[in-house]
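Thanks for coming, everyone. I'll walk you through one chain today, piece by piece. Please have a look at it first.

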Amino acid sequence: MTRKKWTLVVLSAAQGKTRRIQVSRTVAQLAIALTLMLVAGLGLGGLRFLGWAGQAAREHRLARANTVLTQEIGTLQQKLDTLRTALLDLEQQDDYYRLLAGLEPLNADVREVGIGGPGLETVESNPLYGFDPDLASDTHGAEMEASRLVRRARLLAFSWREARDTLSTKLEKLAATPSILPTDGYISSGFSYSRYHPILSRPRPHLGLDVVAPEGTPIVAAAKGRVAFVGRNGEYGLSVEIDHGWGMLSRYAHASKTLVRVGQPVERGDVVALVGSTGLAVGPHLHYEVVVNGRHINPRRYIFD
């Protein structure tokens with residue numbers, strides 16, 4: 001039986017010659033199989049190499065990311081240190097502003113609410129702990145410190161709002177508190193529960209101050225408020241009453257002319273009337289009274305200029 005043979009033609013590019021080689025079919029198949037196995041082996045090796053190279057690149061990127069993350073955490077901790085120092089300074093200022101507002105400083109127990117931590121989270125609960133315990137510890141510490149600073153800042157914000165509101169209320173009350181002599185002149189008669197009346201010729205209470213001044217001298221509001229009464233009022237003659245709120249009222253009597261209307265808001269120093277001698281008076285002067293919660297108070301206690 002004749003065996004089939006395969007002919008291989010080899011071309012020489014340099015000499016331009018051809019060479020024929022005859023091999024059996026079995027040998028040719030064996031050569032082809034070996035060639036394919038070699039190619040397959042090289043391909044698998046190449047894939048293994050590429051896989052190894054890719055893994056190495058990924059590990060390098062992760063290592064680089066870990067380094068950058070560690071640096072960022074260090075920077076964050078520095079900023080937290082700066083914030084902690086700033087909060088400490090603001091807490092000291094808070095004590096000062098609370099003192100101005102007449103409030104007690106926050107006690108140590110209350111401040112611990114902002115400084116202490118919740119005590120529930122652990123380093124092991126950090127997602128990074130399984131990969132890098134040291135990095136997990138750093139991030140955990142930064143998270144806890146940030147939480148503490150946030151609580152301190154919220155506590156401080158509450159304290160400042162309390163001090164601000166208290167100071168605002170005090171300022172409003174000060175603005176509404178009579179504090180000046182309402183007209184230019186000299187005090188001829190003071191506050192007394194029993195004073196000899198020059199017209200009635202008998203002792204009687206004099207629950208205000210008499211300020212002698214030329215007729216037509218401006219009378220000004222002693223504090224911020226709203227006009228509660230304008231008109232004639234018996235012995236007071238032509239008079240003006242101003243409600244200052246906080247239970248305080250001021251009265252300006254014996255005027256020759258009034259310059260405001262009921263319900264009109266006024267500020268300290270606004271002209272409300274002119275000095276006169278209407279009502280029970282012997283000459284031009286201002287009779288000035290201060291009433292607090294329905295009780296007459298010596299107006300000298302409300303003259304600070």
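**A buried serine and what surrounds it**

Ser-239 is buried, because its relative accessible area is 0%. Buried means under 20% relative accessible area, exposed means over 50%, and partly exposed is in between, with a 1.4 Å probe and protein chains only. Ser-239 sits in strand β9. Strands are DSSP runs of E with at least two residues, helices are runs of H or I with at least four, and both are numbered from the N terminus.

A word on the model. It is predicted, so local features need pLDDT of at least 70 and side-chain atom pairs count only at pLDDT 80 or more, while totals for chains, interfaces and linings use all residues. Residues are numbered from 1 along each chain as its sequence is written, and side-chain values use heavy atoms, leaving out hydrogens and water.

What does Ser-239 touch, not counting residues up to four places away in sequence? Its partners include Phe-229, Val-230, Tyr-252 and Thr-258. Contact here means heavy atoms within 4.5 Å.

Now the whole chain. It has three helices and 15 strands. Of its 305 residues, 29% count as buried.

Next, the cores. A nonpolar core is a set of buried Ala, Val, Leu, Ile, Met, Phe, Trp, Tyr and Cys residues joined through side-chain atoms within 4.5 Å. The largest one has 25 residues. Among those with the most contacts inside it are Ile-219, Ile-242 and Val-272. Strands β7, β9, β10, β13 and β14 each give two or more residues to this core. Which of the elements gives the most? That is β14, with four residues. A second, separate core has five residues, including Leu-80 and Leu-156. In soluble globular proteins, nonpolar side chains tend to be buried together.

Back to strand β9, for charges. Glu-241 forms a salt bridge with Arg-251, with the closest N and O atoms 2.8 Å apart. A salt bridge is a side-chain nitrogen of Lys or Arg within 4 Å of a carboxyl oxygen of Asp or Glu. Arg-251 lies in strand β10 and Glu-241 in strand β9, so the pair ties together parts 10 residues apart in sequence. Arg-251 is buried, at 12% relative accessible area. Glu-241 is buried too, at 12%.

Glu-162 in helix α3 and Arg-98 in helix α1 are 64 residues apart in the chain. Their side chains form a salt bridge, with the closest N and O atoms 2.9 Å apart. Is Arg-98 buried or exposed? It counts as buried, because its relative accessibility is 5%. Glu-162 is partly exposed, at 29%.

Tyr-97 in helix α1 and Trp-160 in helix α3 are 63 residues apart. Why is this pair called edge-to-face? The ring centres are 5.4 Å apart and the planes stand at 75°, so the pair is edge-to-face. Rings of Phe, Tyr and Trp (its six-membered ring) pair if their centres lie within 6.5 Å; planes under 30 degrees apart count as stacked, over 60 as edge-to-face and the rest as tilted. Tyr-96 joins Tyr-97 and Trp-160 in a cluster of ring pairs. Trp-160 is partly exposed, at 33% relative accessibility. That's the tour.
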